[in-house]
Structures are given as structure tokens and as C-alpha cells.
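Please study the sequence and the model before reading on.

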Amino acid sequence: MTRSEFDDIRAFLADPATHAGDLLRIARTLIEDLEHARVREAVLRTHYLRLLTAAQATVAADMVGAPDPLAFLTRELAERGQLPADEEDVQRILADARTAEALLACLHEEQQPQQPPVVRVRGMRLRRCVGAHRTLPR
């Protein structure tokens with residue numbers, strides 16, 4: 001449910017002309033939406049756990065020198081129709097992965113607290129300009 005749908009419901013509930021039957025209809029709709037979201041979450045969790053298990057099995061098979069360590073992951077992706085079909089898919093997937101990796105690195109850098117550099121000035125005290133549009137008086 002989108003934010004605007006929630007806003008619409010809030011406005012409908014706040015309207016004094018709203019009847020009890022309308023409220024009951026909204027309550028039933030919300031319950032159905034919650035149930036649908038719960039089922040969708042359970043399905044997504046199942047897919048995630050299967051993919052995670054396949055990834056762990058792939059790494060474990062590689063560590064012990066299995067002849068085809070990617071078999072677990074390949075089978076899981078094939079069941080979902082997620083294997084690359086051609087060279088174009090391969091290049092797109094690799095580009096997406098590189099982009100995601102770069103974005104995550106940027107997010108990680110932003111989360112690190114950065115201390116401002118310590119500037120020591122000897123002699124006359126300097127006035128600082130703050131902002132892009134300010135200038136020092138001449």
C-alpha cells in the first residue's frame with residue numbers, strides 16, 4: 001500500500017460523513033492487504049533462504065575442491081529463470097554488480113564519521129567563508 005493510499009484512508013476516517021459500514025469495508029480490505037503482504041514476505045524469505053543456502057554450498061564445495069562447485073547455485077538460479085541467457089545478459093549483470101558494489105562503497109564511506117582537518121594558522125587570524133555564495137569583504 002502506498003503512502004498516498006494511507007493518506008486517503010486517514011482522510012476518509014477523519015470525515016464525519018463516513019458511515020460505520022464504510023469503516024467495516026475498509027477494515028476488511030486492510031486485513032486482506034496485511035494477509036497478502038504476510039504471504040508475500042514468507043515467499044520472499046523462502047527464496048532468500050534457498051539462495052543463501054545454495055551460495056553457502058557453492059563456497060563450501062569450492063573450498064573442498066569439488067569438481068563442479070557452482071552446481072548448487074546454478075540449479076537454484078535455473079529454477080527461478082535467473083540464469084543469464086546470452087553474452088548481453090552476462091555483461092549487463094556484471095555491470096549491475098559493479099555499480100551496486102560502487103554504490104555500497106559510497107554509502108559505507110558516508111556512514112564513517114569524518115573528522116574535519118585540523119588547520120593551524122600562525123600570524124594574522126583568517127576569516128572563513130561559509131557557503132558557496134559568500135565572499136570576504138574587500
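Q: In which helix does Leu 49 lie?
A: Helices (H or I, at least four residues) and strands (E, at least two) are DSSP runs, numbered from the N terminus. On this basis, the element that holds Leu 49 is helix α2.

The model is predicted, so local features need pLDDT of at least 70 and side-chain atom pairs count only at pLDDT 80 or more, whereas totals for chains, interfaces and linings use all residues. Residues are numbered from 1 along each chain as its sequence is written, and side-chain values use heavy atoms, with hydrogens and water left out.

Q: How many helices and strands does the protein have, and which pattern does it follow along the sequence?
A: The secondary structure comes to four helices and zero strands. Read along the sequence, the pattern is therefore written with helices, as DSSP runs are numbered from the N terminus. That pattern is α-α-α-α.

Q: Is Thr 58 buried or exposed?
A: Thr 58 is found in helix α2, which spans residues 20–63. Buried means under 20% relative accessible area, exposed over 50%, and partly exposed in between (1.4 Å probe, protein chains only). Because the relative accessible area of Thr 58 is 9%, this residue is buried.

Q: Which residues does Thr 58 touch, not counting residues up to four places away in sequence?
A: Contact means heavy atoms within 4.5 Å. The side chain of Thr 58 reaches the backbone oxygen of Pro 69 at 3.5 Å. The residues touched are Pro 69, Leu 70, Phe 72 and Leu 73.

Q: How far apart are the closest N and O atoms of Arg 45 and Glu 41?
A: A salt bridge is a side-chain nitrogen of Lys or Arg within 4 Å of a carboxyl oxygen of Asp or Glu. Because Arg 45 and Glu 41 are four residues apart in helix α2, about one helical turn separates them. Arg 45 counts as exposed at 53% relative accessibility, while Glu 41 counts as partly exposed at 40%. Their closest N and O atoms are apart by 3.0 Å.

Q: With which residue does Arg 50 form a salt bridge at 2.5 Å?
A: Arg 50, partly exposed at 34% relative accessibility, has its closest N and O atoms 2.5 Å apart with those of Glu 79. The pair links distant parts of the chain, 29 residues apart, with Arg 50 in helix α2 and Glu 79 in helix α3 (residues 71–79). The partner, with a relative accessible area of 45%, is partly exposed; this partner is Glu 79.

Q: Which residues are linked with Arg 50 in a network of salt bridges?
A: By the rule for salt bridges, the count comes to nine. In the network, Arg 50 is linked with Glu 76, Glu 79 and Arg 80.

Conventions:
Polar contact = N/O pair within 3.5 Å; in protein donor to acceptor, adjacent residues only side chain to side chain.
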